[in-house]
Amino acid sequence: MKYLIAGLGNIGDKYNHTRHNIGFDVVDAFVAKHGGVFANGRLADVAECRWKGKTFVVIKPTTFMNLSGKAVKYWIDKEKIPVENLLVIMDELALPLEVLRLRPGGSDAGHNGLKSIQELLGTNQYPRLRFGIGNNFPKGQQVDYVLGKWEQKEEPLVQQKIEKSVEIIESFAAIGIERTMNTCNNLTFPSAG
């Protein structure tokens, strides 16, 4: 069984470990745990990992966030992976920092990465893991907040959520999205600070 795990973010040092790049950080942790290595591939940095008889093709699109769909569509087609075996990991402003939310599909909720994927796949019915980043910013400062680094007091919580996200990816492949949603969508993490 083969899975495509797509962590969304922007390439370039200035975006490293920003809120908007949490998808990259999660897949980096997943690949490191499973002994994979990212290499430059078409439209994405790509790693392949095996775990419990399953193969994971893990991508970090190099197209920038707003064109994430190009990379997802290319790799899903190339690897012949059914859309239900795709898992997209991205930041979510509408969720508090203490929350992770796994969904089998749904609207892009204004997230440009999801919008691009939906357009190119021709469906919004694909699994995604929404990593709450909160919306603790003054009016008009959304872009600076999303592209900003985590506050020091948030770091332990972010790290804890990254580790849990890695387990969610494994669970998604091992027992399916419905059963994984039952456990992960009820989690609450201790708040930061």
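Which residues does Phe-131 touch, not counting residues up to four places away in sequence? The list is Ile-22, Val-26, Met-90, Asp-91, Glu-92, Val-99, Leu-100, Trp-150, Val-158, Lys-161, Ile-162 and Ser-165. Contact here means heavy atoms within 4.5 Å.

The model is predicted, so local features need pLDDT of at least 70 and side-chain atom pairs count only at pLDDT 80 or more, while totals for chains, interfaces and linings use all residues. Residues are numbered from 1 along each chain as its sequence is written, and side-chain values use heavy atoms, with hydrogens and water left out.

Start with the core. In soluble globular proteins, nonpolar side chains tend to be buried together. The largest nonpolar core has 36 residues. Ile-5, Phe-56 and Phe-131 have the most contacts inside it. Helix H5 supplies the largest share of this core, eight residues. A second, separate core has 19 residues, including Val-72, Ile-76, Ile-81 and Val-88. A nonpolar core is a set of buried Ala, Val, Leu, Ile, Met, Phe, Trp, Tyr and Cys residues joined through side-chain atoms within 4.5 Å. Buried means under 20% relative accessible area, exposed means over 50%, and partly exposed lies in between (1.4 Å probe, protein chains only). Helices (H or I, at least four residues) and strands (E, at least two) are DSSP runs, numbered from the N terminus.

Next, follow H5 to its partner. Two packed helices are described by the angle between their axes and the distance between the axes. H5 (residues 155–175) and H6 (residues 177–184) pack at an angle of about 145°, with their axes 7 Å apart. Axes are lines fitted to C-alpha atoms, for helices over the stretch in contact, and angles run from 0 to 180 degrees between N-to-C directions. On the H5 side, the residues are Ile-168, Ser-171, Phe-172 and Ile-175. They meet Ile-177, Arg-179, Thr-180 and Cys-184 in H6. This contact divides into five nonpolar residues, two polar and one charged. Ala, Val, Leu, Ile, Met, Phe, Trp, Tyr, Cys and Pro count as nonpolar, Asp, Glu, Lys and Arg as charged, and the others, Gly among them, as polar.

Now the largest pocket. Its volume is about 340 Å³. Of its 16 lining residues, His-20, Gly-110, Asn-112, Gln-142 and Val-146 are the closest to the centre. Strand S5 (86–92), helix H3 (112–121) and helix H4 (142–146) each give two or more residues to the lining. H4 gives the most, with three residues. The lining divides into six nonpolar, eight polar and two charged residues. On a 1 Å grid over the protein atoms alone, a pocket is an open set of points where a 1.4 Å probe fits, with protein on both sides within 12 Å along at least five of seven lines; lining residues have an atom within 4 Å of a point. Grid points are joined across faces, edges and corners, and a volume is the space filled by probe spheres set on the points.

Finally, look at the loops. Thr-18 is found between strand S1 (2–7) and helix H1 (22–33). Thr-18 is buried, because its relative accessible area is 0%. Leaving aside neighbours within four places in sequence, Thr-18 is in contact with Val-146, Leu-147, Gly-148, Lys-149 and Trp-150. His-17 also lies in the loop between S1 and H1. His-17 is partly exposed, at 47%.
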